[in-house]
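Dear colleague,

Please find below the structure that I would like to hand over to you.

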Amino acid sequence: MSGTLRPVLLLCALPAAFFVAFFLAPMAVVLIASLTTAAGQPTFAHYLRILADTYHWDVLWVTFRIGALTTLVCVLIGYPLAWYLVRIVKWRPWRRFCVILLVVPLFTSNIVRSFGWMVLLGRNGLVNDGLIGLGLIERPMRFLGTELGILIGLVYILLPFIVLAVGNALAKVDPALEHASADLGATPAGTFRTIIFPLSLPGLMAGAVMVFMLAVSAYVTPALLSGGRITVFSMLIFQQYSSVFDFNYGGALSITMLVLTLALVAIAGRLSEPRRA
Amino acid sequence: MSPILAIDGLSKHFGGQPALTAIELSVEQGEFIALLGPSGCGKTTLLRCIAGFLTPEAGTIRLAGEDVTRLPPYRRPLNTVFQNYALFPHMSVAENVAYGPRRQGVAKDEATKRAAEALELVGLAGFGERLPAQLSGGQQQRVALARAIVNRPQLLLLDEPLSALDLKLRKKVQSELKQIQHRLGIAFLFVTHDQEEAMTMADRIVLMNRGRIEQIGRGQDIYARPATRFAADFIGDANLLAVNRRSDGSFSLLDGAITLPAADAPQGELTGVLRPEDILVTAEPVAERLALPVIVSDVVHVGSHASVALTVGGSTLTARLAPSALAGLSVGQAAFANIRLSDLRLVPGDA
């Protein structure tokens with residue numbers, strides 16, 4: 001018995017050890033730090049301090065607002081884009097090229113791409129030049145240091161996630177179902193509303209949750225594009241760890257953010273759940 | 001009464017390759033038609049043109065007198081049972097069946113009522129709340145049928161609807177399908193590659209090959225009087241004999257063993273068709289038949305009958321005999337194959 005069980009246990013031990021070392025242990029360290037004083041005494045003081053401080057609530061509000069808007073814009077742009085790639089493009093090389101174009105930025109650093117947007121969105125950047133050239137605005141618009149600038153940067157970085165998730169879901173919808181729907185008298189719009197959209201909804205939700213979590217926890221892009229004028233929650237955490245060196249308070253902030261994000265995602269998941277799971 | 005479906009000069013190409021050529025077909029109300037042919041013969045393409053998923057390059061399709069050739073599928077007054085059923089996985093069985101009436105603008109209560117009736121008709125009353133994935137293949141097939149008949153179309157298209165079922169279940173569903181068709185009086189256009197299925201179910205068979213209609217007729221008529229070599233070969237078993245046209249106009253088969261007088265036979269290459277059951281194999285010649293001296297080269301028992309291979313000169317004939325007629329026949333023995341010339345048909349096509 002033990003002779004056959006042993007190799008199995010050994011095989012399982014490796015991923016388990018990996019999981020503990022890289023996910024569970026850091027999480028535990030942060031959680032324990034958030035519940036102790038610098039001297040190691042158990043305390044809830046850090047959490048009480050966060051609850052009492054309205055500044056933190058303002059920053060949280062800004063963070064989640066940017067996260068929600070980023071998710072919304074990503075969905076509004078990403079769904080049609082995924083539709084285009086999966087349903088409209090018939091020529092395979094062009095589709096492949098589009099997907100590569102979409103995925104390749106994921107291989108480059110966030111920092112590089114955010115700096116790129118700083119250049120593009122600056123007073124004399126390409127975006128302002130273009131808008132002035134088209135006569136849409138007279139004076140250069142402020143992007144850097146505004147929520148709009150951060151939004152543009154985050155949408156750009158997170159869009160591939162939603163396109164890939166939705167595209168995958170759309171590709172899995174059996175074309176025979178659309179034929180059946182049309183055969184039973186549904187117009188193309190009716191077929192989309194009653195068949196294709198509901199069947200792609202799980203993919204859309206998965207993509208949206210991913211985008212939302214990455215948007216609220218993003219640090220590099222908001223930090224670079226905010227120009228120091230806007231603070232999101234991850235910056236507060238970063239300050240505590242890197243400047244103030246208060247790991248306990250930083251830990252409490254991290255856990256607060258984690259719990260709130262998961263709660264929001266759970267609520268969104270419950271709301272969008274189909275009638276029958 | 002005008003036909004429910006009238007197809008005139010229909011042609012369809014795929015990238016220059018003809019998929020359908022000059023199709024002419026008329027279906028009467030309440031008829032059960034089988035579109036029969038080997039895979040790639042164009043039967044499914046024809047069905048898709050009728051349903052509206054493909055647009056033909058030439059020809060017209062009329063439904064109940066109205067030209068629907070250019071109409072999108074959702075404007076055509078017919079319904080389809082798809083090969084793999086294409087049930088909506090996110091809807092309950094009742095919602096699947098009520099989908100058609102709902103899209104036609106029927107109120108929800110009324111649509112639900114009609115769905116329940118259709119489900120009862122196919123023997124699935126009480127299954128409405130389940131999801132398609134919770135049903136067996138045979139049950140899914142019934143749901144697909146209920147969904148397709150709930151709107152009471154005058155024409156129902158069925159795209160190999162039984163091909164995913166096992167043999168025993170298929171036989172059962174065949175007779176149920178026929179009963180339902182009879183009860184509703186809906187014309188069925190049924191695509192199949194199974195000649196036995198076509199023979200047992202259909203009022204008329206439309207036999208297709210290489211994008212063309214080879215023959216239209218009742219199953220037993222096509223069997224008895226095949227119009228082409230393909231029809232003779234595809235429906236039932238047949239001995240296909242090469243035909244030589246002599247200079248005096250008469251025909252010679254089996255290297256001159258059989259001579260047929262000059263007749264108003266079609267021009268071009270001909271094939272002689274002789275059904276295996278029309279050959280009597282005996283030790284002595286039988287009166288009033290043409291007796292061909294043969295050698296018995298093989299005897300295969302197939303339960304209800306035996307298949308006997310006979311060598312005539314350089315050719316082989318197959319005869320079908322009742323087991324009782326086998327007495328005294330053994331492999332290698334000389335015998336006589338007794339045929340009636342009236343059973344031998346000349347049809348166009350190269351043997």
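**Contact between the chains**

In this predicted model, 16 residues of chain A are in contact with 16 residues of chain B. On the chain A side, the elements that give two or more residues are helix H8 (175-183) and helix H9 (188-217). The greatest contribution to that side comes from H8(A), with 6 residues. By class, the side of chain A that touches chain B has 10 nonpolar, 4 polar and 2 charged residues.

**Two helices of chain A**

H9(A) also packs against helix H7 (residues 147-171) of chain A: their axes come within 8 Å and cross at roughly 160 degrees. An angle over 145 degrees counts as roughly antiparallel, and H7(A) and H9(A) are therefore roughly antiparallel to each other. The crossing of H7(A) past H9(A) is right-handed. Among the residues that make this contact are Leu154(A), Leu158(A) and Phe161(A) of H7(A), and Met210(A), Val211(A) and Leu214(A) of H9(A). The contact of H7(A) with H9(A) comprises 16 nonpolar and 4 polar residues, with no charged ones.

**A sheet in chain B**

Chain B holds an open sheet of 5 strands, in the order E15-E19-E16-E17-E18, with antiparallel pairing. Strand E15 (280-282) and strand E18 (315-321) of chain B are its edge strands, each pairing on one side only. On average, neighbouring strands of the sheet are turned by 45 degrees against each other, direction ignored. Within the sheet, strand E16 (residues 290-302) and strand E19 (residues 334-339) of chain B run antiparallel and are joined by 6 bridges. Leu292(B), for example, has Ala337(B) in E19(B) as its bridge partner.

Yours sincerely

How values were computed: Residues are numbered from 1 along each chain as its sequence is written. Chains are lettered from A and ligands numbered from 1 in the order in which they are written. This is a predicted model: local features need pLDDT of at least 70, side-chain atom pairs count only at pLDDT 80 or more; totals for chains, interfaces and linings use all residues. Two residues are in contact if their C-beta atoms, placed from the backbone, lie within 7 Å. Helices (H or I, at least four residues) and strands (E, at least two) are DSSP runs, numbered from the N terminus. Ala, Val, Leu, Ile, Met, Phe, Trp, Tyr, Cys and Pro count as nonpolar, Asp, Glu, Lys and Arg as charged, and the others, Gly among them, as polar. Two strands pair if DSSP finds at least two bridges between them. Axes are lines fitted to C-alpha atoms, for helices over the stretch in contact, and angles run from 0 to 180 degrees between N-to-C directions. Angles under 35 degrees count as roughly parallel, over 145 as roughly antiparallel, 65 to 115 as roughly perpendicular and the rest as oblique. A crossing is left-handed if the near helix is turned anticlockwise from the far one by less than a right angle, and right-handed if clockwise.
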